[in-house]
Amino acid sequence: MRTAEIELWELAAPAFLHALPALLEIYTAAMDPPAEQLPGRRSIMREHARHPRFGSVVALPRGGGEAAGFAYGFHGAGGQWWHDVITTELHERDPGADRHWFADSFEVAELHVLPACQGRGIGRSLLEALTAVRRERTAVLSTPTGPTAARGLYRSCGFVDVLPEFHFPGSPHRPFTIMAAPLPLPGGGPRRPAGRSRAWQWTG
């Protein structure tokens with residue numbers, strides 16, 4: 001499935017929550033997490049949908065069928081766990097960088113594509129569509145450290161490392177890289193006004 005064979009749908013929070021079981025199947029296929037972690041991931045994603053200025057995008061085959069991928073994010077703010085953990089560490093390492101990148105940021109929380117559909121531009125299309133409607137000054141995210149395809153995608157979209165080799169509390173043996181980019185992303189086209197989501201009939 002190539003980008004010409006998919007269409008992107010914006011989901012408001014209620015539609016995202018309705019589709020969550022199917023989206024978790026994509027997450028599971030892409031990330032292969034231990035089964036015992038899935039209930040916690042479901043709870044986190046439900047909580048994220050309540051964050052301010054939440055937005056999500058799903059990639060669907062033209063004409064209907066199972067989704068190939070999804071992405072979502074929200075406005076980063078104090079009091080959110082990820083935002084506070086990152087900005088505290090960044091301020092200690094590089095005072096001023098926390099405000100530069102996080103004072104008005106859009107947090108890309110998740111972006112996943114089914115393994116069989118990866119390498120075909122769908123992830124890039126999801127990222128560009130997700131950020132094109134945003135009014136924040138920057139986009140921020142975390143990704144596993146190393147020469148991964150995801151990291152290559154983010155670099156090609158203008159993201160730079162702001163915290164390399166970062167370890168989240170509770171995950172001392174798995175390093176992540178925190179990345180950030182100015183918005184709009186290069187190559188993502190002009191910013192467009194955020195409109196109402198189209199009704200989404202696909203339920204997985």
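Reply: Let's begin with helix α1, residues 13-31, which lies across β1, β2 (55-61), β3 and β4. Relative to β4, helix α1 runs at about 55 degrees. Please keep in mind that this is a predicted model.

Now for the sheet itself. It is an open sheet of 7 strands with mixed pairing, and the order is β1-β2-β3-β4-β5-β7-β6. Its edge strands are β1 (6-11) and β6 (160-166), each of which pairs on one side only. From one strand to the next, the twist averages 20 degrees. As a general point, strands of a sheet pair through backbone hydrogen bonds, in either a parallel or an antiparallel sense.

R151 counts as buried because its relative accessibility is 13%, under the 20% cut-off. Its side chain makes a polar contact, at 2.4 Å, with the side chain of D161. Apart from neighbours within four places in sequence, R151 is in contact with T143, T145, G146, D161, T177 and M179.

Finally, a word on cysteines. C117 is buried, at 9% relative accessible area, and C157 is buried too, at 1%. With a disulfide taken as a pair of cysteine sulfur atoms within 2.5 Å, the count comes to 0 disulfides.

How values were computed
Residues are numbered from 1 along each chain as its sequence is written. This is a predicted model: local features need pLDDT of at least 70, side-chain atom pairs count only at pLDDT 80 or more; totals for chains, interfaces and linings use all residues. Side-chain values use heavy atoms; hydrogens and water are left out. Buried means under 20% relative accessible area, exposed over 50%, partly exposed in between (1.4 Å probe, protein chains only). A polar contact is a pair of N or O atoms within 3.5 Å; within protein, one must be able to donate a hydrogen and the other to accept it, and residues adjacent in sequence count only if both atoms are side-chain atoms. Contact means heavy atoms within 4.5 Å. Two strands pair if DSSP finds at least two bridges between them. Helices (H or I, at least four residues) and strands (E, at least two) are DSSP runs, numbered from the N terminus. Axes are lines fitted to C-alpha atoms, for helices over the stretch in contact, and angles run from 0 to 180 degrees between N-to-C directions.
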